[in-house]
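Have the 3D view open as you read.

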Amino acid sequence: MSSKSSLYSIIVMTKQNSFIAQTPLFRYYTQHMNLISIENVSKTVKDQPLFSEITLGIHAGERIGLIGKNGTGKSTFLRVLFGDLESDSGTIAKNRELRLSMLEQVPKVVEGSTISSFLYEDKSYKITVLNDYRACVEAYEHDQSKERALAELTELMDEEACWEIEHEYLSRLTELGITEIDRPMKELSGGMIKKVALARAVATGPNLIILDEPTNHLDIKTIEWLEEYLISSQMGCIMVTHDRYILDAVCSKILEIDDETIYTYEGNYSVFLERRAQRIQEQNRYQDKITNILRKEREWLLRGAKARTTKNKSRIQKVYDLMDQKTEVVQKDMEFSSTHRRLGKKVLELKKIEKWYGAHHVVAPFSYSFKRGERIGILGPNGSGKTTFLDMITGRAEITSGEVEMGINTHIAYYDQLSRPLKENLTVLEYMEELAEMVTVQPGVRISVSQFLERFNFPSSSHRIQIGRLSGGEKRRLYLISLLMQHPNFLVLDEPTNDLDIDTLRALEDYVEEFDGCLLVVSHDRAFLDRVTDYLFVFDGTGAVLGVSGSYSDYQLYQKALEEQKKEPVIKKQKRVQREVKKRLSFKEKKEYESIETFIDTLETEKSEIEASFCLPDIDPDKMRALHQRYQEVEIELESKIERWEYLAERDI
């Protein structure tokens, strides 16, 4: 018996012997065993090679990030790994102890399915066992010869803990804020569908989960839940994501698809950035060396070298081999650049705009006057009205009441989630030339549309490809640059990071940092918000909008501080009561006790007035910031006064 098969036998034995499962050798093996072995795997899609002769192994407990430019085959690689697609060549061997689960980039929903039925459409091992068991029970009622098969499946149900799967589903859904499991899937938003699919993927207890852009369409609260879940779980994962915070916090290995090859980097995203830069630098040095050799050899050939001797023949052949060798392209940072119109004194004014959908108050009366150079991020849970708010501002959704007044020189570019203007029957070049034949990139500098496309990683070979054949990320990138070439001075971005690769994201961030117009952005990408925004509109799900100064990280720290303040007074009060409960109030304390309720009433009144002021029409941004700061001060002072009142009240009994 081979050592590998004997180890498999040990794993099987643990189902009857719990002692073995406690041994260090067994725990080490189960935590480090190879789950998937990939050898010489290649895949071509639409006549374009994506990756070739890939060889690597995935071990239990590994947390792997898969990175690469749009169109390099990241999602295809995950589908090949999962088994949805076959590779063109090579082998993928899976350990029989592998319990694999996958969260797709766009979950497939069967027509007419409910949340409950969607959960049981999963292809995971546990659900396969459960569905086989149910089918066998039904068959056994008509055919008693199925008794043995039913007994074996019952035993397997016990071993895999399949009886608990419904409880696991409900538990994960509840954690994600979903309780109506009989609700039709077609009624759910994109974010809610992603939550249900996420619950389905993790509830079956996989030891390896595949995540394809798991943060797309999720709100930040859910993304943080996912991050914490992955860190605390024992399962391994391989994920394609643009979320740099998750890559840095969760992953211990990064795989990069580049030029049909996969490069491996041990470490998190920060380590990857450093080592990738080193790799590119080394490749560029090697390419420079080849270029110098070719130059010298060409000069030698031009001097009339005769291929008479074996030595000369060999040297000439080496020259031709170098010329045929695949040239490594020097990787340069992508750069978004375009001119834009100058904003006038009046940019955009919102006057008591309000939105109702039936009885649902999506946006309460809201007023705001935008100023040049403002960079505002929008936060809120899924379904809180963020996209509706952008649609109201840009004229895509009717306003129930109120008014939107746009400045004469204000030119808005609205980058929506669906890339609606793209015409998939046109080629990349045809679509862009419909917008303009020449693009002004700097004052007095104009280039052709073809040259503009090449600046943003659309080589000339891709210009004649129909848009419908591009990857999701390539479509999003094309849509983005088609908006920027129109020279906007007010950018409205709805989830701009969805489907974009990290290089494109960094280029967009650089563009926005130098952009002197206005920015209004809805995003779940914490790194993106931290870099490009300095003020936030926070939607609470009831229609109300709170203005908050600072970046997302500033807001997160503020929220944590509030939570700590709510916990602290209770602890302090308990300690003081235990120590001083028998002491009577002094004369000074009695006077304080008699007057403290008046202070509390005054502070509560001021707090209510400030809350009402947040939705006042035509409120100045500077005044909004001052109000927000005073609101925080009042909350802290109010907590302190209430704590003091409770302490004095206990002593006065």
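Start at glycine 65, which stands opposite methionine 239 in S7. Keep in mind that this is a predicted model. The two strands to look at here are S3, residues 63-68, and S7, residues 236-240; they run parallel and are joined by 4 bridges.

Now zoom out to the sheet around them. Strands of a sheet pair through backbone hydrogen bonds, either parallel or antiparallel. Here the sheet is open and has 6 strands, with mixed pairing, and reading across it gives the order S5-S6-S7-S3-S8-S9. At the edges you will find strand S5 (100-103) and strand S9 (261-266); each has a single partner strand, so one side of each is left without a neighbour in the sheet. Going from one strand to the next, the twist averages 15 degrees.

The S5 end of the sheet has a helix to go with it. Helix H9, residues 190-203, lies across S5 and strand S6 (208-212), and its direction is at about 170 degrees to that of S5.

How do H15 and H17 pack? Helix H15 (residues 428-435) and helix H17 (residues 472-484) have axes 10 Å apart and an angle of about 20 degrees between them. Angles under 35 degrees count as roughly parallel, so H15 is roughly parallel to H17. Their crossing is right-handed. From H15, the contact draws on Val428, Tyr431, Met432 and Leu435, while H17 supplies Leu478, Tyr479, Ile481 and Ser482. Sorted by class, this contact of H15 with H17 has 7 nonpolar residues, 1 polar residue and no charged ones.

How values were computed:
Residues numbered from 1 in each chain as written. Predicted model: local features only at pLDDT ≥ 70, side-chain atom pairs only at ≥ 80, totals over all residues. Heavy atoms only, no water. Axes fitted to C-alpha atoms, helices over the stretch in contact; angles between N-to-C directions. Parallel < 35°, antiparallel > 145°, perpendicular 65-115°, else oblique. Left-handed = near helix turned anticlockwise from the far one by under 90°. Contact = heavy atoms within 4.5 Å. Nonpolar A, V, L, I, M, F, W, Y, C, P; charged D, E, K, R; others polar. Pairing = 2+ DSSP bridges.
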